[in-house]
Amino acid sequence: MIRRAVAADAAALAGLNAEVQALHVAWAPDRYHPSDPVDVLASFRQLLAREDVVIALAETDEPDGYAVGTVVAREASPYKHASVTMLVDQVGVRADMRGAGVGRALMAWIEAEARARGCGALQLDVLSVNAGARGFYERLGYLPEQVRYAKVVRGQSG
């Protein structure tokens, strides 16, 4: 079952996040660090209180996964049209539930919420080393929109 997370779910969300965060730390230790569970819990409490954020929670007998979406409204500029987009910032599914349709159900719920909130599109970032997530999103119809390049310069001279 997928439902909107509420304040009482903050601890469960923080627990689900720990597994995802550990993967990010392993893949990109220059960008991500192990998180303090107290800080993560506080972060989820703040997210759950925001009107522009929606968090989907998948659960059977226990929490199976979650997805966080933030509505981002951009005014028109000399370069771009005005837009309302849902930025999917976090998606996590317990390792033992991957491949069982939980991620697909979470994304379908988030997409429906985005439509209900007037969003014209959804956007998300995936680490280039995360081939599994890239394939998952592509199977759902997401396409690469732009490529972000990075170069570490800390500790380099000239």
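Predicted model: local features only at pLDDT ≥ 70, side-chain atom pairs only at ≥ 80, totals over all residues.

**A strand and its surroundings**

Reply: Strand β2 (residues 53-59) has seven of its seven residues buried, so the rest of the structure largely encloses this strand.

Me: Which residues of β2 are buried on one side, and which on the other?

Reply: Buried here means under 20% relative accessible area. Both faces of β2 are covered.

Me: How many bridges join β2 to strand β3?

Reply: β3 comprises residues 63-74 and runs antiparallel to β2. The two strands form a hairpin, with three residues between them. Within this pairing, Glu59 stands opposite Pro63 in β3. The number of bridges joining β2 to β3 is seven.

Me: Which residue of β2 does Ile2 stand opposite?

Reply: Strand β1 (residues 2-4) pairs with β2 in the antiparallel sense, over three bridges. In β2, the residue opposite Ile2 is Ala58.

Me: Which element gives the most residues to the largest nonpolar core?

Reply: This core has 20 residues, and those with the most contacts inside it include Met86, Leu106 and Ile110. At least two of its residues come from each of β2, β3, β4 (83-93), α3 (102-116) and α4 (131-139). The element that gives the most, with five residues, is α3.

Notes:
Residues numbered from 1 in each chain as written. Heavy atoms only, no water. Buried < 20%, exposed > 50% of the residue type's maximum accessible area, 1.4 Å probe, protein only. Helix = DSSP H or I, 4+ residues; strand = E, 2+ residues; numbered from the N terminus. Pairing = 2+ DSSP bridges. Core = buried A, V, L, I, M, F, W, Y, C linked by side-chain atoms within 4.5 Å.
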